[in-house]
Amino acid sequence: MAEPLSADDRPLTAGDPGAGAAGAEVPAAARGGLRRGWRRFRRNPGAVFGLAVFLVIVAMAVLAPVLAPYDPIAQGVGKPFERPSTAHWAGTDSFGRDIMSRIIYGARVALVVGIVAVLLAMIIGVTLGLISGYYGGIVDTVIMRIMDGLFAFPIIILAIAMMAVMGFGVRNVIVAVAVGFIAPFARVTRGDVLAVKEEPYIEAARLAGVGSLAIIFRHVLPNVLAPIIVQGALRVSGAIITESGLSFLGLGPPPPTPAWGRMIAEGQSFIVMAPHVSTIPGIALMLAIVALNLLGDGVRDTLDPRMRR
Amino acid sequence: MVRFILSRVGQTLAVLFTVSVIIFALMRMIPGDPVLMRLGDDFTQEAYTRLRHELGFDRSIVTQYLIWIRSVLAGDLGDSFLNQERVSTLVLDAFVPTLTLVVASVIVGILIAVPSGIVAAIRKDSAWDYGSMGFAIFVYSMPAFWKGIILIWIFSVYLGWFPAMGYVAPWADLSQSLWRLVLPAVTLGTFFSGLVARIIRSSLLEVLDQDYVKAARARGVRRAALVYKHALANALIPVVTVIGLQFGTLLGGAVLTETVFAIPGMGRLSVSAILNRDYSVVQGTILVGVFAVVVVNLLVDLLYAFLNPRIRVA
């Protein structure tokens, strides 16, 4: 099970990086590896469940205009605080908005923020890790000390600070969430680069006169990619938790954008008379997190069986 | 041991320095002129220049950092832009409830995690094992703020057992304080217990597999005695580390949890400060929060070294 918000940087790096990447250089072997990986993944019921729920959420986000029975921000499509019924599967909120439609559209915010923030953090963190690990010396020291500093911040607190600096809006939420995940990517990448750097084929490339940049991106990066992908898969749920936390605090995407965290917060005031307003969006959020955790674990076990607990 | 302590303290100071630079840089990236914000609408050019000089904004950025960090080290976090109160007072007043919640949550978490981790390890692969580990994953995946609302719904609204919100300091009225802490501490503590139970289970399984435990078993030591006298002490050492590593996450979770339960802590202070654009308070809250995380990490590392003879002796 993943630790989505964990402050510890689990060493997903395990030595011997060559093994995971054998497929990266030989296309045929890669295809065989993919098929073998899928077979291993399929045997893990938790991972398959996670993938299934994840695909449902993706479908919800993509097909939201088709699937949502009502306009998510239209007020008065029902009476305020209607209990769940056939007309409104999840009931209505204090403005008479359809909660089910808002949950479906809320999947967009959750997924976009979760995935884009992790990708952004991955790009920045991996680049820093590559530079740090490959060049070493003072560059390494400076980059990694900054990462240590970033790492000391609890992710939600760093995100709160970033929102204070940047102001509201979905794009700023993505950046705010991403900043908290840069350091783990940089650390994981750097650790693996240090190991790969010593391999004879890197030495051979360098002696053959291949430039540093080419070596880093063509020879080092493919060989450290597997743990980075694992790390990415494990972090998406954390990014979604952080986003929903920001939304809950009122620092997320501005209303009336449907975001799960804000829906939960708005419902809290009505918990006595209309408990469904807060509880039902929370079920969506929890399902998404459980699914992504299971999926992340499945990806980890598939790409790096040694990490299996 | 002395060398270990010195090197850890050195690392901690380096991290604290970086953290202070990051926070300083962040606050300088805020759009808008802080001098203008203090002056309000009606001012002269002369007043502007004077205040700018007083606040040090006409100096180099390095000098500005040095001025700032010197006053921080002296315990001066500036004044609240909103009501001229000392930021240090505001932050400390808010930090106490948050820390109380974190400590209570760690206690609740351990009270739940130790028995369920032990049961899961002793009866590995039984219904007990799957049940307690399934529960651990379940409570772990529930977002703290949602779990808090569900608990309020069940235990305050429906059953009426506990108050839904509010905070009373433990030294003001202990029973009232504990009474109000139950739901928030369970909210955050179950999250923590989910993590710790799994770690206790796996470290206990590992310890039970060690030769000294097998030897004790061969001597005829009963299994219960084995677990409690021989294995558990060693299995608990990693838990100390987890408290350190997760202190930041717990603090972050506390920020959300206290918002649910209307506890006047760091979360409420920082969010209201952001909404009011009261940046010296934002800066102070974040600074104190992160410093606390770094220092707790140091203390836990030292405690770990002390508990683990392999490091203590080396």
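pLDDT is the predictor's confidence in each residue, on a scale from 0 to 100. You'll want that in hand, as this is a predicted model. Start with chain A: its mean pLDDT is 82, and 88% of its residues reach 70 or more.

Next, select residues 1-27 of chain A. Here pLDDT stays under 50, although the model has 66 contacts beyond four places in sequence for this stretch. Helix α1 (residues 17-25) of chain A has the lowest mean pLDDT among the elements of that chain, at 40. Where pLDDT is low, the predicted coordinates should not be read in detail.

Most residues other than glycine have a negative phi, and most peptide bonds are trans. With that in mind, select Phe81(A), in the loop between α4 (64-67) and α5 of chain A. Its phi is positive, about 60°, and it is not a glycine. Is Phe81(A) buried or partly exposed? Partly exposed, because it has 17 C-beta neighbours inside 10 Å, and a buried residue would need 20 or more.

Stay in chain A and pick Pro255(A) and Pro256(A). The peptide bond from Pro255(A) to Pro256(A) is cis, with omega near 10°. Pro256(A) sits in the loop between α10 (212-249) and α11 (260-268) of chain A.

Last stop: switch to chain B and select Ala262(B), in the loop between α10 (223-260) and α11 (266-275) of chain B. Phi of Ala262(B) is positive, near 50°. Ala262(B) counts as partly exposed because 13 other C-beta atoms lie within 10 Å.

How values were computed: Residues numbered from 1 in each chain as written. Chains lettered and ligands numbered in written order. Predicted model: local features only at pLDDT ≥ 70, side-chain atom pairs only at ≥ 80, totals over all residues. Helix = DSSP H or I, 4+ residues; strand = E, 2+ residues; numbered from the N terminus. Contact = placed C-beta atoms within 7 Å. Buried ≥ 20, exposed ≤ 12 C-beta atoms within 10 Å, placed from the backbone.
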